[in-house]
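Subject: Structure for your review

Dear colleague,

Please find the structure below, together with the sequence. My notes on it follow, and I would be grateful if you would read them alongside the coordinates.

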Amino acid sequence: MTERELFDAYNKDVYRTCYYMLRNAQDAEDLCHDVFVTVFRQEWRNVEHTRAWIMRITMNHCLNLLRRNQTQREKQSQVQWLHEQTTASVKSVDTIVLEKAATAEWEKLLNQLPDKLMAVITLRYIGELSMTEIAETLKIPVGTVKSRLHKALKIMRKKLEQNHSIWLKGEKQYGTH
Amino acid sequence: MERIENNLKEQMKAEKTTPYPDFDRMWSSIQQDELRVAARDTAALRPRKRKQIAIVAGISVALMATPVYAALSYDWSSLLSYRAGITNALEQGLGQTIEQSVTKDGVTLTVHTAFIDDNRTFLLYSLDPGSSRMGVQAGFDHIGMKDHMGNPIEGNYSHQWNEELGVFQGYFETDWVADGKTADVEFSLDNIRFTGDGMHSISFDPNNPNTQEFQVQKDGIGSMTLQSFDQSGGNMLLKSAITFTDPEMRHRSWVRIQALNDKNEPIKEAETPVFGTPGASGEYLSQQIFKSNSIRAQGVQFQLAYDRTLGTAEGTWSLNLALSKKQLENGSFKETLNIPLDQVPGGTKIHEMIVTPTQVRLILTHKEKYTRVPYMDYQLDVGGTLLNGGIWYKSGSSNQTELRFEMTGLDAASLTKQPVSLIAKHRVDEFAGDKNPIKLTGISAEHQSLTTTIAGYPITWTYYMKENHLYVESLSSDPAFGGINQTYYLDGKDRSYGMPAMIGMLGNENNKHMDVYENFDQTELDIYISNYTTHNRNDALRVPLKAGQ
């Protein structure tokens, strides 16, 4: 595998992890760049579980930047989403509007998740890491990974319930209202 | 829950939800960063705001020098809250990356970063106790450095347990400064002592004003005496004196009285407590002030709380470090000022300013030894940015006082260009007492009061006998009065001083003082004020140190 191939294989997942963790496209882009610089400075070809390793580096970078930016971020308003790429696609206007609405809602809700929970779900769903790998990355017990994951899902469900989202149709436990 | 999980996964993983950046452009930029020198010239390839470049450039500098990627995930900010200048330098990527570890018996000491400049030498370390951790806290029998000749370099350390990472994160700081640009040193720590909370309940009666004695006889603690004194403002002072069976415990036990309410929660002190002042025969003396009604309430229990050694990991963990001033050299400078400070007694001059990216020091020299610089608060005004600072007395240099300011929100270079002024506020002066006696008459167990004045400040005296000792308390209703430091009586021409029975802090709000004359057997006594202090909280001194460029 060449460096370029490695970059192409993981750039989207790394970027997306940065994006979800930092809620800011510019920071995500800068950090994604630095993650690969870091990766290429190391003996990456000797690493056994490349994916988990890269995701771990990504998460460490994110958490570091979050700590630095904590105060700045608190002052920032929620991220503004630009959908240039979506609108550029061939979908009908209606589909785009519907998708935008749903996506925007998801984004809004995801943005409200605390960093700790966000770290677990991005590693799980974007990084596709196992519970044990997440535990190792975040240096927390596996039990804590499970409980944070469960908590994140619970919060999302609750928020979606409050927003009467279409996304909940068919959810077994729905109907608490 | 399953559906929500699937939805979430789909949402986060879906290509369409995230507008991606231009990865091709990113790729070329990554490649250029590989060639580090070229990367700086081509930074414009990635257009973004200036500010963000600064932040991210700082990170990538740190990354380049960091062989272990995990090292970056340490957050030092809470540990360094009183060492803001180090945080400042760390954020600018100015530390010297060390990342050297030594493991012995499953315990790993790692030195991560060093900061070496003309003011101090500062190391960030972590200690991973592995499975040997036996208590919440850890201390060392010794921590320090040795220079290449083997001469010991002493300093101070502080660390915190990081639950998430399972390590103690700490720093070692010393005033020792390398003579040249580089120095080979050995950093080591001996015997790690793990401590946890020790408890011993005591049947203390807060309504009994007499000295109460309790036998502990465990964990190196022998016995304790405890005395209560009613104070103005509904407060109660608890004075404790502890003797140890293990003399080492004096330095690491932090024995204190805990009052627990009926819900078993500790009751907070009403004023800052003072722990561990040495008594005449080596006791460990403490004073804690509580609200009387809170500790006299129903169901309140008392206990002795202390740090108890739970286990030790014996051995020496040692690392040879090649320290270099290179990282902090840029922006460091010394400037001789010799500005006379006529507002300060003792022939005081601001002799020198030493600037490094982590700290600014002003060296004050005095013609008279042990001159006290009479201000409580110090700031450095650098072109409108204020750096907070404090006073440091260096042992062994009685003609010198240092003012130290941690560098925050500034780089050292701005001190070369901007105008710099010293601001000193809240003046506290010390005066000798006068020759007017305070006449204590009809001395008995009953509390009696009288009022006198000194230099126009009213002082209320309260005196009484308790267990054969005479107690004399003084208090002023005038907040500009700082308090009396000690009283004495005249035995012929010689002064016989009362023993301070309460520890006062210079410059704090409380101007109460208490002396005890032990084994007193008379009914009358003339006492005198030895020294007293006054506050001038609005006094602010401003001294221009250098003009801007």
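Accessible areas, as used here, come from the Shrake-Rupley method with a 1.4 Å probe. Please keep in mind throughout that this is a predicted model.

On that basis, chain B has an accessible surface of about 26200 Å², and carbon and sulfur atoms account for 48% of this surface. The chain has 549 residues, 49% of which are buried. Its secondary structure consists of 9 helices and 31 strands. When contacts between residues at least 6 apart in sequence are considered, 65% of those in chain B join residues at least 24 apart.

After helix 5 comes B:Gly93, which has a positive phi, near 70°.

Strand 21 of chain B also holds B:Gln400. Because its relative accessibility is 28%, B:Gln400 counts as partly exposed. Leaving aside residues up to four places away in sequence, B:Gln400 touches B:Ile363, B:Leu364, B:Thr365 and B:His366. Its C-alpha atom is separated by 9.9 Å from that of B:Ile350, a residue 50 positions apart from B:Gln400 along the chain.

Turning to chain A, a positive surface patch is formed by A:Lys116, A:Lys151, A:Lys154 and A:Lys158. Helix 8 of chain A (residues 142–162) supplies the largest share of this patch, with 3 residues. One residue of helix 8 is A:Lys158. With a relative accessible area of 55%, A:Lys158 lies over the 50% cut-off and is therefore exposed. As a general point, an α-helix has 3.6 residues a turn, so residues three or four places apart point the same way.

The loop between helix 7 (131–138) and helix 8 of chain A contains A:Pro141. This proline is exposed, because its relative accessible area is 53%, and the cut-off is 50%.

With kind regards

Key: Residues are numbered from 1 along each chain as its sequence is written. Chains are lettered from A and ligands numbered from 1 in the order in which they are written. This is a predicted model: local features need pLDDT of at least 70, side-chain atom pairs count only at pLDDT 80 or more; totals for chains, interfaces and linings use all residues. Side-chain values use heavy atoms; hydrogens and water are left out. Helices (H or I, at least four residues) and strands (E, at least two) are DSSP runs, numbered from the N terminus. Patches are made of residues with over 30% relative accessible area and no salt bridge: like charges are joined within 9 Å, nonpolar side chains (Val, Leu, Ile, Met, Phe, Trp, Tyr) within 5 Å. A salt bridge is a side-chain nitrogen of Lys or Arg within 4 Å of a carboxyl oxygen of Asp or Glu. Lys and Arg count as positive and Asp and Glu as negative; His and the chain ends are not counted. The place of a charge is taken as NZ of Lys, CZ of Arg, CG of Asp or CD of Glu. Buried means under 20% relative accessible area, exposed over 50%, partly exposed in between (1.4 Å probe, protein chains only). Contact means heavy atoms within 4.5 Å.
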